[in-house]
Amino acid sequence: MNIEFLTQKTPLEIGILIARRIRSIRKRQKLSQERLSEKSGVSLGSLKRFERSGEISLLSLTKIAIPLNC
């Protein structure tokens with residue numbers, strides 16, 4: 001994976017890019033936010049905030065990534 005592009009981004013910008021990608025994967029798998037919240041164990045509020053702002057703990061991001069297989 002080429003991560004060189006990350007050096008030109010702020011941490012907030014990187015978080016937003018990750019959130020957009022996770023949201024895209026979730027939608028491609030036809031999962032609602034509610035269902036992903038249930039499958040991951042991450043609260044619905046945290047998932048919504050993540051997709052909106054890119055802010056999330058590493059633990060919660062990992063919990064979200066596992067049911068999405070990414």
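A salt bridge is a side-chain nitrogen of Lys or Arg within 4 Å of a carboxyl oxygen of Asp or Glu. Keep that in mind as you click around this predicted model, where local features need pLDDT of at least 70, side-chain atom pairs count only at pLDDT 80 or more, and totals for chains, interfaces and linings use all residues. Residues are numbered from 1 along each chain as its sequence is written, and side-chain values use heavy atoms, leaving out hydrogens and water.

**Stop one: Arg35 and Glu38.** Select this pair and you'll find a salt bridge, with the closest N and O atoms 3.2 Å apart. Both residues sit in helix α2 (residues 33–40), three residues apart, or about one turn of the helix. (Helices are DSSP runs of H or I, at least four residues, numbered from the N terminus.) Arg35 is partly exposed at 40% relative accessibility, while Glu38 is exposed at 56%. Here, buried means under 20% relative accessible area, exposed over 50%, and partly exposed in between, using a 1.4 Å probe and protein chains only.

**Stop two: Arg23 and Glu51.** Next, pick these two: their closest N and O atoms are 3.7 Å apart in a salt bridge. Arg23 is in helix α1 (residues 11–28) and Glu51 in helix α3 (residues 44–53), so the pair ties together parts 28 residues apart in sequence. Arg23 is partly exposed at 38%, but Glu51 is buried at 13%.

Keep Glu51 selected and look at its salt bridge with Arg26, 2.7 Å from N to O. This pair also links distant parts of the chain, 25 residues apart, with Arg26 in helix α1 and Glu51 in helix α3. Arg26 is buried, at 5%.

Now show Arg23, Arg26 and Glu51 together: they're linked in a network of salt bridges. How many salt bridges does a search of the whole structure find? Three.

Note on methods: Helices (H or I, at least four residues) and strands (E, at least two) are DSSP runs, numbered from the N terminus.
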